[in-house]
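Here are my notes on this model, point by point. Have the structure open while you read.

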Amino acid sequence: MEAGGPDIADSKDRDGGKGSVLLQGAALLGLAAVISKLIGTLQKIPLQNLAGDAVFGIYNAVYPLYILILVLATAGFPLVVSKFVSEYAAERQYDEARRVLRVASLSLMGTGIVFFLLLYFGAETIARWMAAPQTAPAIRSVSYALLVVPLMSALRGYYQGYQDMRPTAWSQVVEQMVRVATMVVLLLVLMRLGFGPERIAAGATFGSVMGALAGLAVMLWYWRKERRRELFRAQASVGGGGGWRRDWALAKRLSAYALPLCLGSVAMPILTLVDSFTMPRLLRSAGFDESEALYQFGLYNHGLPLVQLVAMIASSMSAALVPAIAEALRRGDADAVRARAGLSLRLTWLIGLAASFGLALLAEPLNVMFFKSAEGTAAMAVLAFTALFSAVNIVAGSVLQGLGAVRAPVLYLLLAAAVKVAASVALVPRYGIDGAAWASLAAYALAGGLALAHALRAAGVPAAGGLAAMKPMLGIGFMALGLLAVTHGVPPLLAQLPAALPPRGTAAVIALGGVAVGALAYAVALLRLGVVTAADLALVPQLAGKPLAWLRRFRLLR
């Protein structure tokens with residue numbers, strides 16, 4: 001047995017379990033991604049609760065910038081490392097696989113240092129471009145992560161190339177947990193010491209640095225465990241020859257594959273970053289000073305964590321969509337392509353539609369429950385509808401990628417970013433954060449609508465029309481009646497209690513009760529109207545047995 005790569009590469013050859021290992025690894029990585037995204041999204045709630053909306057505004061202005069710079073710094077290398085390593089591992093050329101890791105690590109560390117220097121020494125300039133000088137300490141704080149994340153990304157790509165998803169999964173979860181724990185501790189310490197919002201926000205963004213260090217530590221632990229093997233050490237002494245010319249040639253090959261991926265990855269961060277560079281400036285032009293503008297920006301961001309949760313569900317759904325459609329396309333099975341794309345887009349539309357209307361109708365109790373006050377509720381209600389178009393854009397983009405149309409989703413997002421800038425310039429000075437919310441809705445509706453139309457046409461899926469299009473809206477009507485019954489009927493009932501609940505407690509009862517009643521009403525309506533059929537449910541293994549029989553018994557299925 002040759003050594004030099006994770007032992008899973010050889011175990012697959014022995015037991016013939018390539019398919020099961022791949023599926024198990026994909027499931028593990030998908031679960032870790034959901035957990036880490038859930039932690040990363042919900043951590044914004046304690047941040048706002050502890051530090052207030054001024055700090056929340058600074059954090060939300062800086063973090064999208066960090067994500068964009070991070071995408072540029074890693075430049076699509078992790079996926080390319082995975083591709084090259086998997087190819088060399090299949091040929092049992094483990095020394096070449098390690099060469100890929102070494103060259104990619106050095107390249108990424110170089111770009112990481114360059115972008116760190118740009119952020120660290122350019123923090124004041126970038127903050128002035130944002131028209132928010134208070135963001136400079138947070139920009140400088142988060143820049144240190146760029147010294148760590150690139151190497152961690154290269155290591156993740158290396159292990160994924162061997163289809164060993166455990167290191168990546170564990171490092172993702174540990175990274176987010178340490179990030180949030182560091183953020184909370186620094187928030188409490190800095191607030192106790194009496195620092196201002198800009199320093200407190202810098203402490204919050206420094207959580208990304210500590211999280212990255214923790215994630216890298218996990219990856220290095222796995223790497224060190226591999227290096228302990230005697231055969232690995234023997235193999236390592238042989239590999240890696242050829243000198244700097246071979247390394248340079250490999251670096252150019254990696255870059256040639258990575259740059260198109262990078263260009264595709266920057267579109268979504270650019271759309272998110274538009275707010276950071278436009279809203280503080282536009283709010284100041286409307287008469288707010290810098291602190292007030294950042295406070296308003298914090299209020300605007302109340303609605304985003306819940307919208308991002310819906311988008312996260314869509315991302316999880318689409319993870320298996322690209323390879324499934326690509327596989328059917330390679331077989332020339334047009335029916336399978338049409339069925340898989342059609343089902344995914346239909347389910348995304350149904351889920352996104354309900355989530356958007358539900359978040360909009362429950363905006364005030366959700367706002368009070370999570371963020372302590374009803375300020376910013378109108379903007380939150382408008383932003384709720386971006387959940388639908390964001391989810392549709394993600395899944396439709398995945399369909400297009402599976403069909404080979406990789407540039408189209410990028411172009412649609414960049415066009416949406418341009419529309420968002422124009423709409424924000426027109427609306428924010430007059431309507432404040434409510435105008436910004438409408439600008440975001442217009443941008444996401446454009447990107448989602450274009451991607452959906454393209455995906456339907458490319459996959460050969462007919463668009464729903466007539467009664468088929470109206471039935472989901474009828475289901476939304478039943479859901480809205482259930483929500484209104486809760487929002488108007490529960491407060492008088494709670495008023496009869498011997499001891500009055502605090503405002504956040506009342507809001508929590510209304511919000512959670514509304515979610516439960518609304519979801520039940522919507523699900524029953526979809527079943528009774530025939531929007532979701534027994535054949536659809538039978539495709540889900542967990543529903544094909546007793547749950548389906550139970551639904552038939554109570555005549556919930558047509």
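How many helices and strands does the protein chain have? There are 27 helices and zero strands, where helices (H or I, at least four residues) and strands (E, at least two) are DSSP runs numbered from the N terminus.

1. Ground rules. This is a predicted model, in which local features need pLDDT of at least 70 and side-chain atom pairs count only at pLDDT 80 or more, while totals for chains, interfaces and linings use all residues. Residues are numbered from 1 along each chain as its sequence is written, and side-chain values use heavy atoms, with hydrogens and water left out.

2. Overall numbers. Of the 558 residues in the protein chain, 52% count as buried; buried means under 20% relative accessible area, exposed over 50%, and partly exposed in between (1.4 Å probe, protein chains only). The accessible surface of the protein chain is about 25100 Å², and 68% of that belongs to carbon and sulfur atoms. Areas come from the Shrake-Rupley method with a 1.4 Å probe, and for residues only the protein chains shown count as cover. Among contacts with a separation of 6 or more, 82% come from residues 24 or more positions apart, a contact being heavy atoms within 4.5 Å.

3. The cores. The largest nonpolar core has 85 residues, and L271, M279, Y300, L345, L366, V399 and Y522 have the most contacts inside it. Helix α23 (residues 433-459) supplies the largest share of this core, 12 residues. A second, separate core has 74 residues, including A89, A136, I200 and F371. By definition, a nonpolar core is a set of buried Ala, Val, Leu, Ile, Met, Phe, Trp, Tyr and Cys residues joined through side-chain atoms within 4.5 Å.

4. Y300 up close. Leave aside its neighbours within four places in sequence, and Y300 is in contact with D275, M279, L383, K420, I433, A436, A437 and S440.

5. Salt bridges. The structure holds five, each a side-chain nitrogen of Lys or Arg within 4 Å of a carboxyl oxygen of Asp or Glu. One of them joins E96 and R99, with the closest N and O atoms 3.4 Å apart. Both residues sit in helix α6 (residues 94-121), three residues apart, or about one turn of the helix. E96 and R99 are both buried. Next, R140 and E124 meet at 2.6 Å, N to O, and this pair links helix α8 (residues 136-143) to helix α7 (residues 123-129), 16 residues apart. R140 is partly exposed at 22%, and E124 is partly exposed at 36%.

6. E175 and its surroundings. E175 bridges to R156, with the closest N and O atoms 2.9 Å apart; E175 is in helix α10 (residues 166-192) and R156 in helix α9 (residues 149-161), 19 residues apart. What is the burial state here? E175 is buried at 16%, and R156 is buried at 12%. E175 is also touched by G215, whose contacts include M152 and S171, not counting residues up to four places away in sequence. G215 lies in helix α11 (residues 197-227) and is buried, at 0% relative accessibility. Its C-alpha atom is 8.1 Å from that of V173, 42 residues away along the chain.

7. A surface patch. I113, L117, F121, Y144 and L147 form a nonpolar patch with about 480 Å² of accessible area together. Such patches take residues with over 30% relative accessible area and no salt bridge, joining nonpolar side chains (Val, Leu, Ile, Met, Phe, Trp, Tyr) within 5 Å and like charges within 9 Å. Y144 is in the loop between α8 and α9 and is partly exposed, at 33%.
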